Amino acid sequence: MVFVDEVKLYLKAGNGGDGYVSFRREKFVEFGGPDGGNGGNGGSIIFVSNANLNTLLNFRYRKNIKAGNGKSGASRDRSGTAGKNVVLKVPVGTQMIDEESEKVIVDFNKPDMEFLIVQGGKGGLGNANFKSSINKVPKRFTYGQSGEEKCVVLKLKVLSDVGIIGMPNAGKSKFLTRCSNADTKVGDYPFTTIKPHLGVAKVDNSEVIIVDIPGIITDAHLGVGLGHKFLKHVERCKILLHLIDITHDNVISAYNCTRNELELYNSDLVKKEEIVMLNKCDLLREVEIFEKKNHLADYLNKEVLCLSISEDLQPILRLLNEKLKRGSPREMGVYDPFRR
């Protein structure tokens, strides 16, 4: 399935139907008079969040959306049929942004949220509404009102607890596959991951939702590689798990590359709690691992964890779960054979 996380839409609610001018003239009917009916209201456009959706693909080729117009009134006081509402489903985590002001209109952060974005126009009044003691044969009526219209941008930002970040080939997809039910593509070439992947990791009696995004490289903010637009999917994460390939020539440079791109995209991202982990430690000797780990830890002035493909991930997942529950900076119960 194609992953679409941002679309621009033109929304137009239906116009109200016009009122009708009519007079009742029937043989042997004592009381005649005006009997023009009202026009029907125009249809509205309503958005509903759906927990079963994970992409905005439905809007890829549907950029102009219009609701039904109301029908005009008729004789014998008959009102016109109301225009049909349009109900659109979006994934949970979708933000609706006004294109003109760039302000967030609504954030669909819960399932089954409903939001009416453009209201249909009210139907016009028929001449029966203008009958009075001084005007018994009114020929006046009103036209239906125009429906509202608006240009909006829908942005899908995945809801997750932990976001995995790092350069290409850092082992992010492999980590997610090992610890969750996610079916991600794993390969020995850069940019194996070309769209975000969500996984649910079981931690004792709890669950942790983890998102893996495509690798970030230098100048991603300028469009190099896959760019940095996928960073929107870690904006809602509580914790960032920063994976670094320990076989990289300069692990500090690899760390700074990702961090710099985070700050250029959104400075709030670098304020999130971050766990730094050197991955693929089974590819180097213990002496080299110890040296690179200490070098990075001294530079960051905080603990750096190590991981190899054969290690049990439960201790790491428990650490993440503890931090999510308590917001604690302490690294509790994580086994690291190369800890100083």
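The model is predicted, so local features need pLDDT of at least 70 and side-chain atom pairs count only at pLDDT 80 or more, while totals for chains, interfaces and linings use all residues. Residues are numbered from 1 along each chain as its sequence is written, and side-chain values use heavy atoms, without hydrogens and water.

Switch to the surface. The chain exposes about 17,800 Å², with 47% of it from carbon and sulfur atoms (Shrake-Rupley method, 1.4 Å probe). Of its 340 residues, 47% count as buried, meaning under 20% relative accessible area (protein chains only).

Next, select the open sheet of 5 strands, ordered β5-β1-β10-β7-β8 with mixed pairing; two strands pair if DSSP finds at least two bridges between them. Its edge strands, β5 (64-66) and β8 (104-108), each pair on one side only. From one strand to the next the twist averages 25°. Zoom in on β1 (residues 6-12), which runs parallel to β5 and is joined to it by 3 bridges. Lys12 has Lys66 in β5 as its bridge partner.

Finally, select α2 (residues 251-265) and α3 (residues 286-300), whose axes lie 9 Å apart at an angle of about 45°; axes are lines fitted to C-alpha atoms over the stretch in contact, and angles run from 0 to 180 degrees between N-to-C directions. Show side chains: Val251, Ile252, Tyr255 and Asn256 in α2 meet Lys292, His295, Leu296, Tyr299 and Leu300 in α3, with contact meaning heavy atoms within 4.5 Å.

Key
Helix = DSSP H or I, 4+ residues; strand = E, 2+ residues; numbered from the N terminus. Buried < 20%, exposed > 50% of the residue type's maximum accessible area, 1.4 Å probe, protein only.
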